[in-house]
Protein chains: 2
Amino acid sequence: MIASDALLTDLYQLTMLQGYYRHAMTETAVFEFFVRKLPKNRSFLVAAGLEQVLDFLENLRFSEAEIDWLSTTGHFKSDFIDYLAGLTFTGDVDAMPEGTVFFPNEPILRIIAPFPEAQLVESRVINLLHFQTLIASKAARSVLMAGDKLLVDFGFRRAHGAEAGVLAARASYLAGFSGTATVCAGREFGIPLYGTMAHSFVQAHDDESEAFLRFAEANPDNVVLLIDTYDTEAGAQKVVALAPKLQAAGIRIKGVRLDSGDLAEHAHNVRRILDDGGLRKVTIFASGGIDEYQLEAFRSRQAPIDGYGIGTYLDTSADAPYMDCAYKLQEYAGVPRRKRSEGKATWPGRKQVYRRFDLDGIMIGDTIAVDDEICDGKPLLQAVMQNGRQITGMQRPLERIRLETQDQLHTLPGKLKLLTREENYPVVISDALKHLAQRVDEGYS
Amino acid sequence: MIASDALLTDLYQLTMLQGYYRHAMTETAVFEFFVRKLPKNRSFLVAAGLEQVLDFLENLRFSEAEIDWLSTTGHFKSDFIDYLAGLTFTGDVDAMPEGTVFFPNEPILRIIAPFPEAQLVESRVINLLHFQTLIASKAARSVLMAGDKLLVDFGFRRAHGAEAGVLAARASYLAGFSGTATVCAGREFGIPLYGTMAHSFVQAHDDESEAFLRFAEANPDNVVLLIDTYDTEAGAQKVVALAPKLQAAGIRIKGVRLDSGDLAEHAHNVRRILDDGGLRKVTIFASGGIDEYQLEAFRSRQAPIDGYGIGTYLDTSADAPYMDCAYKLQEYAGVPRRKRSEGKATWPGRKQVYRRFDLDGIMIGDTIAVDDEICDGKPLLQAVMQNGRQITGMQRPLERIRLETQDQLHTLPGKLKLLTREENYPVVISDALKHLAQRVDEGYS
């Protein structure tokens, strides 16, 4: 399901590789991936996508068909094509574990490899880290807002393609969602699946009650009835009327779903109807245009909603559908490097991020340092791949990552949990890193 | 590259299918896909994604491994699983050709099939049509703004996953872009590929001029030099100094690329430097944070830029990363159906869209009508699939779709070509369709 083609790259990677190949520029290069600045309203980010990056690197190889096709494009000489045919990824990778909270300019992944290998993979490495980090960071906001409510990813249909849908399910589950409606993601990653019925099921029957009955009979263990096709409150009354009949057949109604109108108001009405009908245990699930801002509003209106399906706004990260991020050369052939383009200058060399906590375990500040520098705090980047192979013991099941991400979110300072950015988390650059940058600049004259 | 798994669906499709199966609800259902409203600043949309939808439908079948997995989930009875194992798509499809300009509430695709088949495919049909239509509609805005400038898709790295990157390349090419940097998309769809060098190539050399020389020697037919790694104007001077040496080796510099700072101002400076250095034929290509709004600004500043790489804002449709669209049941077992949920009511039955033009061939208004009604204008939906097989002669090569899309864009009224919505294109509902809706409503009581 997750694409692994070596041709998932930009043409310029291959034309550059042709240059490196011709001039035997195959010494060790160090690239780091980082986010340049926080998207609108974000106070922190959640790293995600590493597992897919490592799988991609470990299996990187041009297929015979890809090599044949490349040779027909007219861009490449035949000896270079032969070189590509034998290319694999043989480098090392250091990274923050998935689920780690991080901030701008902090590298979350470093690749150390022969220059052509490290260069070729840039496009797909960014593509994988950018998207899952974007979605995990978005999802974490809903998780912080939802308290103990159930959150389910409903976004596949409006995700940007199949892979986006499946990876959004993974990233949101990692960030604390309870599951997804996307069947493929359930199979691929073992994510719990949720879902019951759509309006078309109701519409295809001449009578709404008959539709409810038939659905319950066919899916007796998972009876959540969609009650807004014609009139939400009338739908709730029909559920109350139907309950004794189903109960006699040994079928329990688990919940109802609302998908249109003023969800908080309908929820209050429906709760009353259900309670008056003796259905206190039947839960209310809501969907349709929901995001973390809506969750905050529902909370302040004390909407009696037990769970939410969050779709489009989550899977497209609608209020911030991209991040300004980069994968930049930091060192080549043992010499630290730096890009100085206007507005896009980077810190040179291999770096480590140290995080400090107060006595309650709350994060109080990060230092971006030179990799071998000793600093206060917990170092966040760890070795995860060596010589092109994932290091045994560094992989964690998704379920475990999910739990550790929850622990991380508990260490966030209170103000960072708000839906708008009230203050910036303190991240400082170590003196040693500043000096290194200065020395690199003096090297260019 | 484009995923075809039958499990690319939401769980509720399968639980509903279990209901249809149990109650033998397999009569013919008619679903239509349409956009409910225009995204911000959009005045029209461009239909795209049909080819991938038809390929998906034609090849739809659960694999043995998928069937085995489904039977382990606990959601489904074994006779239903056996039924799924034999399921294929046997229905008919009518659609607007890709590249057709369309408006809210106009169906661009209709599926007529046994109910379970038409239901199951909903999630992936929306997923495919929504994304490519979103991107083609976004790309068309840049095409209208760019005049004769070259436009290239640079967005893979920040597209939402691999499939999004590849399909965004297709959708933007369809809408009039000249090509893409995404190698996979070149191979998959025959889209022309563009690309040369990144900052890392320059950074890996101690000397910028040496980097330029080496790149040119390795790629003599495609010399576009990135000149902003340290100082854009100094980079341009180095290109001028290098040109005679390359010329002596028979290598022509095609262009330079700018990727940071005030691109219009740098372009004016660089143009002067190149012209003064006798390099009048060397083109200027710009990238970095460009979208249609920037193109409009560059045009008004008469920036001497010959081509643009458009990335993140295109591939994520950044100012409108989703559309409010739906795939809704319009008829079941010969009876027109209608959803009446608040704010989400639909027009019932099978529909056709008729478009009228003035004497200059400019679009003047559409009518949404009952399918078999005779109306003024050109009918836009055509039969493209019958009994699960694509109708011979209805497929068009991507290159041809691209040309026809350009013809379509020429028929747009002038005000619809603006980057903000100044007026709504007139779309009316036929009297016969209004009467049908009324009759359907009276049927529910």
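This short talk walks through a predicted model with chains A and B, from annotations to sheets to the interface.

Residues are numbered from 1 along each chain as its sequence is written, chains are lettered from A and ligands numbered from 1 in the order in which they are written, and side-chain values use heavy atoms, with hydrogens and water left out.

Let's start with what the record says about chain A. UniProt, in an unreviewed entry, places "domain: Nicotinate phosphoribosyltransferase N-terminal" at residues 7-129 of chain A. Its "domain: Nicotinate/nicotinamide phosphoribosyltransferase" annotation, also from an unreviewed entry, covers residues 151-331 of chain A. The feature "domain: Nicotinate phosphoribosyltransferase C-terminal" sits at residues 378-436 of chain A, again according to an unreviewed UniProt entry. A caution here: those positions are in the numbering used here, the feature names are shortened, and annotations may be inferred rather than shown by experiment.

How do these spans look in the model? Residues 7-129 of chain A are 42% helix and 20% strand, with end C-alpha atoms 18 Å apart. For residues 151-331 of chain A the figures are 44% helix and 16% strand, and the ends lie 43 Å apart. Residues 378-436 of chain A come out at 32% helix and 20% strand, with 22 Å between the end C-alpha atoms. Helices (H or I, at least four residues) and strands (E, at least two) are DSSP runs, numbered from the N terminus.

The domain assignment, whose bounds come from an automatic or database source, gives chain A a domain 1 made of 11-132 + 323-443 and a domain 2 at 195-287. Taken over C-alpha atoms, the centres of domain 1 and domain 2 of chain A are 48 Å apart.

Now the sheets, where two strands pair if DSSP finds at least two bridges between them. Chain A has an open, antiparallel sheet of 7 strands, ordered E13-E12-E1-E5-E3-E17-E18. Its edge strands are E13 (335-336) and E18 (389-390) of chain A, each pairing on one side only. Inside that sheet, E1 (residues 28-37) and E12 (residues 324-332) of chain A share 8 bridges in the antiparallel sense, and Phe33(A) stands opposite Tyr327(A) in E12(A).

A further open sheet of chain A holds 6 strands with parallel pairing, in the order E7-E6-E11-E10-E9-E8. Why is one side of E7 (179-180) and of E8 (224-226) of chain A left without a neighbour in the sheet? They stand at the edges, so each has a single partner strand. For E8(A) there are 3 parallel bridges to E9 (residues 255-258) of chain A, with Val224(A) opposite Gly255(A).

Over in chain B, E6 (residues 150-153) and E11 (residues 307-310) run parallel, joined by 4 bridges, and Leu150(B) has Gly307(B) as its bridge partner in E11(B). E6(B) also pairs in the parallel sense with E7 (residues 179-180) of chain B, over 2 bridges. From E6(B), the chain crosses through helix H7 (residues 162-174) of chain B to E7(B) in a right-handed β-α-β crossover. Right-handed means that, with the strands pointing away from the viewer, the path from the first strand over the helix to the second runs clockwise.

On to the interface. Which residues touch, in the sense of heavy atoms within 4.5 Å? There are 102 residues of chain B in contact with 103 residues of chain A. Together the chains bury about 8,700 Å², 56% of it on carbon and sulfur atoms; buried area is the accessible area (1.4 Å probe) that two parts lose on being put together, summed over both. Arg157(B), His160(B) and Arg187(B) supply 10% of what chain B buries against chain A, more than any other three residues.

Last, salt bridges, meaning a side-chain nitrogen of Lys or Arg within 4 Å of a carboxyl oxygen of Asp or Glu. Asp324(A) and Arg158(B) form a salt bridge, with closest N and O atoms 3.8 Å apart. Within chain A, Asp319(A) meets Lys138(A) at 2.9 Å, N to O. That pair links distant parts of the chain, 181 residues apart: Asp319(A) is in the loop between helix H14 (312-315) and E12 of chain A, and Lys138(A) is in helix H6 (residues 122-146) of chain A.

Notes: This is a predicted model: local features need pLDDT of at least 70, side-chain atom pairs count only at pLDDT 80 or more; totals for chains, interfaces and linings use all residues. Contact means heavy atoms within 4.5 Å.
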